[in-house]
Amino acid sequence: MSNYQSSNDFKYLASLLKYAPNETQAFVHFDQQKIKRTDGVIPTKTRELIALAIALTMQCAYCIDVHVKGAKRAGVSVDELAELISISASVRAGATMAHGLLAMRLFEQNNS
């Protein structure tokens with residue numbers, strides 16, 4: 001297996017629609033209404049940047065694939081993408097530090 005995750009996996013959406021049509025259609029509808037809507041207060045370009053930042057911090061390869069393409073269609077520049085990557089990395093590192101502080105507290109509380 002050359003790639004564990006592949007954009008070719010999107011073809012299996014048809015299988016999900018076949019075997020779990022209600023749940024899958026509900027997800028597709030939710031995605032369309034929240035991420036891809038164009039009549040919201042938040043512009044499409046900003047929506048795609050937010051979605052991409054979340055995809056990067058959640059480390060979802062499929063979401064990264066979809067939202068890089070969406071961001072490019074929405075007019076995101078390579079400079080904006082590079083800055084977004086750095087911001088996302090900082091947020092991910094910040095979350096690690098915050099959980100590290102929790103680990104320190106839990107360690108100190110467990111004096112047994």
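**Exercise 1. Determine whether the end-to-end distance of helix 3 agrees with its number of residues.**

Solution. Step 1: helices are DSSP runs of H or I with at least four residues, numbered from the N terminus. Step 2: the expected span of a helix is 1.5 Å times one less than its number of residues. Step 3: helix 3 has 15 residues, so the span should be 21 Å. Step 4: the end C-alpha atoms of helix 3 are 21 Å apart, which agrees with that value.

The model is predicted: local features need pLDDT of at least 70, side-chain atom pairs count only at pLDDT 80 or more, and totals for chains, interfaces and linings use all residues. Residues are numbered from 1 along each chain as its sequence is written, and side-chain values use heavy atoms, with hydrogens and water left out.

**Exercise 2. Identify the buried residues of helix 3 and state what covers them.**

Solution. Step 1: a residue is buried under 20% relative accessible area, exposed over 50%, and partly exposed in between, with a 1.4 Å probe and protein chains only. Step 2: in helix 3 the buried residues are Arg47, Glu48, Leu49, Ala51, Leu52, Ala53, Ala55 and Thr57. Step 3: their cover includes helix 2, helix 4 and helix 5 (78–109).

**Exercise 3. Characterise glutamine 59 by its place, backbone angle and accessibility.**

Solution. Step 1: glutamine 59 is located in the loop between helix 3 and helix 4. Step 2: its phi is near 60 degrees, a positive value in a residue other than glycine. Step 3: with a relative accessible area of 54%, glutamine 59 is exposed.

**Exercise 4. Classify alanine 95 and glycine 100 by accessibility, and relate each to a residue elsewhere in the chain.**

Solution. Step 1: helix 5 contains alanine 95 and glycine 100. Step 2: alanine 95 has 35% relative accessibility and so counts as partly exposed; glycine 100, at 28%, also counts as partly exposed. Step 3: alanine 95 and threonine 57 are 38 residues apart along the chain, with C-alpha atoms separated by 9.7 Å. Step 4: glycine 100 and arginine 37 are 63 residues apart along the chain, with C-alpha atoms separated by 37 Å.

**Exercise 5. Describe the largest pocket by volume and lining.**

Solution. Step 1: on a 1 Å grid over the protein atoms alone, a pocket is an open set of points where a 1.4 Å probe fits, with protein on both sides within 12 Å along at least five of seven lines; lining residues have an atom within 4 Å of a point. Step 2: grid points are joined across faces, edges and corners, and a volume is the space filled by probe spheres set on the points. Step 3: the volume of the largest pocket is about 680 Å³. Step 4: 23 residues line this pocket, and the closest to its centre are Phe10, Phe27, Asp31, Cys63 and Val66. Step 5: helix 2 gives the most to the lining, with seven residues.

Conventions:
Helix = DSSP H or I, 4+ residues; strand = E, 2+ residues; numbered from the N terminus. Contact = heavy atoms within 4.5 Å.
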